[in-house]
Amino acid sequence: MHKWSSEAEAREQIKSLVAEYYHEFKEDNAQFREGDRINYSGRVYDEKDMLALTDATLDFWLTTGRFSDEFEERIAEVVGVRYAHLVNSGSSANLIAFAALTAPELGDRRINKGDEVITVAAAFPTTVDPIIQYGAVPVFIDVTIPQYNIDCSRLEEAYSDRTKAVFLAHTLGNPFDLKKVRQFCDKHGLWLIEDNCDALGSSYTIDNDTRMTGAWGDISTCSFYPPHHITLGEGGCVLTDNPTLNKLILSYRDWGRDCICPSGRDNLCGHRFDGQFGQLPQGYDHKYVYSHFGYNLKVTDMQAAVGCSQLDKFPEFVKKRKYNWKRLHAGLSPLQDKLILPEPVEGSDPSWFGFLITVKDNAGKSRNEITRFLESHNIQTRLLFSGNIIRHPCFDPIRDSDAYRVVGSLENTDRIMEKSFWIGVYPGMTDEKIDYMVRMIKDVLT
């Protein structure tokens, strides 16, 4: 049996074998051939990601630890905010972000049952779900095409004396009109929750002030599911600049507890046994005082270790997404008599998640005919998530009730539901794959 002189030597040998394993069995060096599967997105990784995971595995800390601390510090710096906290998914991030805004500590600005939150129905479900789950009322506004973001001309019409927040996602990486939405929120004293799950790396400029998306809202979220801009396997993040919201995020994420000492580190404040809370006995152990009805939505350090490695690649990932989007746009431009191609929102520089297409009435083919053709040629397609969330069975129990409100018509939202689809621009795409997708779309329409 081999004897190592130190743990460090053992780690290096194990990691060298992992690197060999990656290059032998996992590295993708295959040339694209027509008919090969083209996914809409997916994980892009190398041996460094596997080595980071190996490091965390050998630590065997398992729960949140040193890699989580590193990732949170780095992602906060990337986005340009003070605080970031990992959770187990982007959907959980949205849940925690909304939950934090229901806390009693926020006084008159607290979101209570019956309060209204402006959003859109052309959304991923978990942007809308927390509003309903906490008893608030989503107020749905239509979107614009070809930006696929909220129609800001309807904001004032949607406002009422019960409005407390605006909760919106940047659609497939394309930022919504942050200037108008931010001004609207500031005017009425509303919270702005940015669902940044599909837009990490996008930026937006207001009056020469350029910030990353996720840094304009009072609170924002990210997702690190494999198709997203970087991956931890599963994972998400809640970010803020607000110290009060920061403490609330931690509480709701970590069982609702009052104490914010990190896992494994007790009594950092020095007052663990001398406080008075609620109707508890004087000096009750602060680690077991619960100020909110919370959850346990932390990640493992193994996930965070992969994330730290992925962050090293992140700038190149963003460049590749932008490049792939531009190549697709150029290739499909001759079809603009039959297809509506996406456009970035004014003032934005998107880190694209996908390439969204709306089929015109005169295209000669329906959306479903086009997507079936592409799928039959091994090109993966996706719809814009729920299309119109109100049309789904989950709304049947509350349909036509006062549990939600619609402002104006949702004409464009329904059009997206019926006529829009998207294809990928992720960094795993090659020029050959993009050109093949363009050719297949041309073939089905000619």
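These legends cover close-up views of helices in a predicted model.

**View 1. Helix α4 and its burial.** Helix α4 spans residues 90-100 and is mostly covered. Of its 11 residues, 10 are buried. Among them are Gly-90, Ser-92, Asn-94 and Phe-98. Leu-95, Ile-96 and Ala-97 are buried too.

**View 2. The start of helix α4.** Here a side-chain oxygen belongs to Ser-89. This oxygen lies within 3.4 Å of the backbone nitrogen of Ser-91.

**View 3. Helix α4 packed with helix α8.** Helix α8 covers residues 243-253. The axes of α4 and α8 are 9 Å apart, at an angle of about 120°. From α4, Ile-96, Ala-99 and Ala-100 make the contact. From α8 come Leu-248, Ile-249, Tyr-252 and Arg-253. By class, this contact of α4 with α8 has six nonpolar residues, one charged and no polar. The α4 residues Ile-96, Ala-99 and Ala-100 are also buried.

**View 4. Helix α10 packed with helix α12.** Helix α10 runs over residues 367-376, and helix α12 over residues 431-445. Their axes lie 10 Å apart and meet at an angle of about 130°. That angle makes α10 oblique to α12. The crossing of α10 and α12 is right-handed.

**View 5. Residues between helices α10 and α12.** On α10, the contact is made by Glu-369, Ile-370, Phe-373 and Leu-374. On α12, Met-440, Ile-441, Asp-443, Val-444 and Leu-445 take part. Seven of the contact residues are nonpolar, two are charged and none is polar.

Terms used:
Residues numbered from 1 in each chain as written. Predicted model: local features only at pLDDT ≥ 70, side-chain atom pairs only at ≥ 80, totals over all residues. Heavy atoms only, no water. Axes fitted to C-alpha atoms, helices over the stretch in contact; angles between N-to-C directions. Helix = DSSP H or I, 4+ residues; strand = E, 2+ residues; numbered from the N terminus. Parallel < 35°, antiparallel > 145°, perpendicular 65-115°, else oblique. Left-handed = near helix turned anticlockwise from the far one by under 90°. Contact = heavy atoms within 4.5 Å. Nonpolar A, V, L, I, M, F, W, Y, C, P; charged D, E, K, R; others polar. Buried < 20%, exposed > 50% of the residue type's maximum accessible area, 1.4 Å probe, protein only. Polar contact = N/O pair within 3.5 Å; in protein donor to acceptor, adjacent residues only side chain to side chain.
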